[in-house]
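Please look over the fold below before reading on.

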Amino acid sequence: MVNIMIKTLEIKDLHVSTREGKEILRGVSLVIAPGERHALMGPNGGGKSTLAQVLMNHPAHTVTKGKIILNGKDITALPPDERFKLGLFLGFQYPVEVAGVNFGHYLRMIVNENKPKGAKKVSPIAFRNQLEPAAKMLGFSQELAKRSLNQGFSGGEKKKAEILQLAVLRPKFAILDEPDSGLDVDALRYIAKSIQSLDYPLGLLLITHYQRILSYIKPDFVHIMVGGKIVKSGDAGLAQQIEKAGYEQFSETL
């Protein structure tokens, strides 16, 4: 019998509570295939960022029911580093500054650590040649590789730095938690251009409040999350409906 690997990120009936026992997610199910772009929208406090954090096993939350399946493997109990090695990436809503950690060295270390056993490591010169075009596409100067990770970065630069890491590390699936928050129009275009330039089928879950970013990164599917549940799914037209009518129309579904 031929063993065919199921290449998806699958969230199955996921229930999540805080450590204090407050339920946040109440049965979330979603399947993302390679190359698909899913947008997750909803009002504040609906559970969107909690879902992003749980997908990378944030310690503040506990999965009480359901599973997270990555390429046929149950990763519900795996630590964050193991999830990353399997191809899952999280772009943070609030990236932290790490003083003393050189941005370029940090990225090259991760690339080399995740190479297959016995594979040749990327040299500093080869990595710089790889990093500079990706950084230029995001509007960064050549001095980026000399700076500490996110230290002294503006809010927009931090968001662009997350996308730069995505472009260099090339994960199979990425969750981007509000990459558009706090961005001006130019920064938003840089981010969209960088994501669209990826030359492989990235499975993307993009969390946002607004339709604005979806004008640049066209979603295949849009999901509305209210009260810890996905209450409606549709195509890109659903985001336009939200822009006109808001989220209150879905409160009666709870």
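## Burial and surface

A residue counts as buried when its relative accessible area is under 20%, and as exposed when that value is over 50%. By that cut-off, 46% of the 254 residues of the protein are buried. The model is predicted.

The protein exposes about 13000 Å². Carbon and sulfur atoms supply 52% of that area.

## Overall fold

The protein has 7 helices and 12 strands. Its radius of gyration is 18 Å, close to the 18 Å that the globule rule gives for 254 residues, so the protein is as compact as a globular protein of that length. The C-alpha trace spans about 55 × 50 × 40 Å along the principal axes.

How much of the contact set joins residues 24 or more positions apart? Among contacts with a separation of 6 or more, such pairs account for 69%.

## Charge

The side chains include 33 positive and 25 negative ones. The centres of these two sets lie 6 Å apart.

Strand 1 covers residues 9–18. It is mostly covered: 7 of its 10 residues are buried.

Which strands pair with strand 1? One is strand 2, residues 23–32, which pairs with strand 1 in the antiparallel sense over 7 bridges. Strand 4, residues 61–70, also runs antiparallel to strand 1, and this pairing has 8 bridges.

Individual residues show both pairings. On the strand 2 side, S17 has E23 as its bridge partner. On the strand 4 side, K12 stands opposite K67.

## The hairpin turn

Strand 1 and strand 2 form a hairpin. There are 4 residues between the two strands. One of the residues in the turn is G21, which has a positive phi of about 100 degrees.

In a regular strand, side chains alternate between the two faces of the sheet. Keep that in mind when viewing the burial in strand 1, where 7 of 10 residues are buried.

## E248

Where does E248 sit? E248 lies in the segment after helix 7, the helix of residues 236–245.

Is E248 buried or exposed? Its relative accessibility is 70%, and exposed means over 50%, so E248 counts as exposed.

P80 gives a reference point for E248. The two residues are 168 residues apart in sequence. In space, their C-alpha atoms are 35 Å apart.

Conventions: Residues are numbered from 1 along each chain as its sequence is written. This is a predicted model: local features need pLDDT of at least 70, side-chain atom pairs count only at pLDDT 80 or more; totals for chains, interfaces and linings use all residues. Side-chain values use heavy atoms; hydrogens and water are left out. The radius of gyration is taken over C-alpha atoms; the globule rule is 2.2 Å times the number of residues to the power 0.38. Buried means under 20% relative accessible area, exposed over 50%, partly exposed in between (1.4 Å probe, protein chains only). Contact means heavy atoms within 4.5 Å. Accessible areas come from the Shrake-Rupley method with a 1.4 Å probe; for residues, only the protein chains shown count as cover. Lys and Arg count as positive and Asp and Glu as negative; His and the chain ends are not counted. The place of a charge is taken as NZ of Lys, CZ of Arg, CG of Asp or CD of Glu. Two strands pair if DSSP finds at least two bridges between them.
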